[in-house]
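Reader: Before we look at any single residue, could you take me through how the features of such a model are read?

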Amino acid sequence: MRTAQKVLVIDDDEVVGRSFDRVLSEKGYAVSTALDGEEALEKCGSEEYDVVFTDIKMPGMDGLEVTKRIKAKCPWTPVVIITGYGTAENEAKAKVLGVSGFVQKPLTPEMIEGITAKALLEKAEPAAAQEEEMAGEVISRLPEVEEIEGRLKSVARFVKNVALLIAAPFLGLAYAIAFPFIGLGVAIMLGIRAWRQRSRTV
Amino acid sequence: MRRIYVNPLPVRVWHWINATGFVALIVTGLQIRYGGLIGLMSFETAVDLHNWVGFVVIGNYFIWLFFYLFSDKITVYHPELNPRKYYREAFRQIRYYGFGILRGDPNPHHANPYNKFNPLQRMLYQIIMLLIVPIQFVTGLLLWDVTRFAGAVEWLGGVRVVDTVHVLIFIFFAGFLFIHIYLASLGRTPSAHFKAMFTGYEEEEDEAGEDDPGRKSTRGTGGEPGLAP
Ligand code: HEM
């Protein structure tokens, strides 16, 4: 089986992630979503993505910071910025970080599909300029060092995956035990909100 | 309609050997513990069968474990580390099972090979496969030869404790089987998930849901309200 191309979408508005999932899953991509930078970096640590989309303005770490960290870890991963209001300053900063492109909200399915295909294409055939830029770096690296680094990385990823697997049932149990309390809390909150609204209109 | 490959071959092989094994273990277990109720076979035959099938099921578990350990699809058994996201999605799924499904709403969860379980399935399968099943294996192994494992049995609090845990989990699994089969029938069609466990492929409708950008753009807004800045 050909493995699906993996896409990560980072946006604090979950509707954006869901739209990407809708559009791209249909085309055979595997879409993961993250609601903030921390979660995104967590995911990037345990899996390698073929293309990353990120919103700029998010609570906590902003999109530029996330891009910087992803680029530091895997410089070859194309990152596309989703902007609501593309200010020139932000675009300039993002260009310095080596992003593959920008998409402006509101998004249409065609835009989502088009920009994904374009970013992946660029990844497959990096522009000559980019290659030149990297050449200096590549020469100074010995192949053995690269191989050891690669092996260390895959060992680290394996250990992390297994650690998460071992943690999974305990975290799942904790979620399950907390479930009724969280449910009750949400119900009370909704109740209070409805009651307030009613007393305001009366 | 699109087809998604969600159940790789090792998982399918493991699952059906496991399911057959569990049914056999439950039947022989009932015969051993509640011989007064059923008389399918003698006590000795039941014990022998229960032991043999038990070892097969334990060995079979490693097919499942090794497949996931060395596959990037291990992510389907990873926990959701963001509790807010977890509960938001879990409540959405509960609302669907308890309410939306009756109105014919689309399933809020969209399976992909790296994230195939909805939050409730994920929690249940994690707890079962990585905690309860291993505990059942260990207690079963200890009870298989209590004299050989006398030290471990003592350390755990004696035969009585080990046996009680084994029987309680046995009752849990007998119940789980019904719930599991019922929930597995809630797919796109009642037999959809069962077929997927044989063929590997899940089919998903391209329905126009509430958050489908395709539907919105045909209305002429050119975008989706949730996406507008
Ligand atoms: C006659 C008995 C059984 C039937 C008909 C059955 C049916 C199914 C079906 C249709 C699925 C796919 C849908 C889904 O993912 O929810 C599934 C998945 C699964 N079942 Fe069962 N099942 C049976 C027994 C069991 C038993 C005894 C266990 C465990 C102790 C079990 C554990 C699982 C797990 C862990 C999955 C997800 C597998 C994965 O993808 O990793 N099942 N089962």
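Author: What follows goes through chain A, its last helix, a helix of chain B and the ligand. This is a predicted model, in which local features need pLDDT of at least 70, side-chain atom pairs count only at pLDDT 80 or more, and totals for chains, interfaces and linings use all residues. Residues are numbered from 1 along each chain as its sequence is written, chains are lettered from A and ligands numbered from 1 in the order in which they are written, and side-chain values use heavy atoms, with hydrogens and water left out.

Reader: How many helices and strands are there in chain A, and what pattern does chain A follow along the sequence?

Author: Helices (H or I, at least four residues) and strands (E, at least two) are DSSP runs, numbered from the N terminus. Chain A has seven helices and five strands, and along the sequence they read β-α-β-α-β-α-β-α-β-α-α-α. Buried means under 20% relative accessible area, exposed over 50%, and partly exposed in between, with a 1.4 Å probe and protein chains only; by that rule 38% of the 202 residues of chain A are buried. A contact means heavy atoms within 4.5 Å, and among contacts in chain A between residues at least 6 apart in sequence, 63% join residues at least 24 apart.

Reader: What span does helix H7 of chain A have between its end C-alpha atoms, and where does H7(A) bend?

Author: The expected span of a helix is 1.5 Å times one less than its number of residues. A straight helix of 59 residues would span 87 Å, whereas H7(A), residues 143-201, spans only 72 Å between its end C-alpha atoms. A bend is the angle between axes fitted to the seven residues ending at a residue and the seven starting there; H7(A) bends by about 45° at Phe179(A), and Pro180(A) follows within four residues. Phe179(A) is also one of the buried residues of H7(A), which include Leu164(A), Ala168(A) and Tyr175(A). The cover over the buried residues of H7(A) includes helix H2 (37-46) of chain A together with H2, helix H3 (83-103) and H4 of chain B.

Reader: Is Gln93(B) buried or exposed, and which residues does Gln93(B) touch?

Author: Gln93(B) is found in helix H3 of chain B and counts as buried because its relative accessibility is 2%. Leaving out residues up to four places away in sequence, Gln93(B) touches Asn107(B), Pro108(B), His109(B), Asn118(B), Pro119(B) and Leu120(B).

Reader: Which residues are the closest to the ligand, and how many surround the ligand?

Author: A residue is near a molecule if one of its heavy atoms lies within 4 Å of it. Here 25 residues surround the ligand, the closest being His15(B), Tyr77(B), Lys116(B), Tyr125(B) and His180(B), and H1(B) gives the most to the shell, with seven residues. A polar contact is a pair of N or O atoms within 3.5 Å: a side-chain N or O atom of His15(B) is 2.6 Å from a nitrogen atom of the ligand, and one of Tyr125(B) is 2.7 Å from an oxygen atom of the ligand.

Methods
A polar contact is a pair of N or O atoms within 3.5 Å; within protein, one must be able to donate a hydrogen and the other to accept it, and residues adjacent in sequence count only if both atoms are side-chain atoms.
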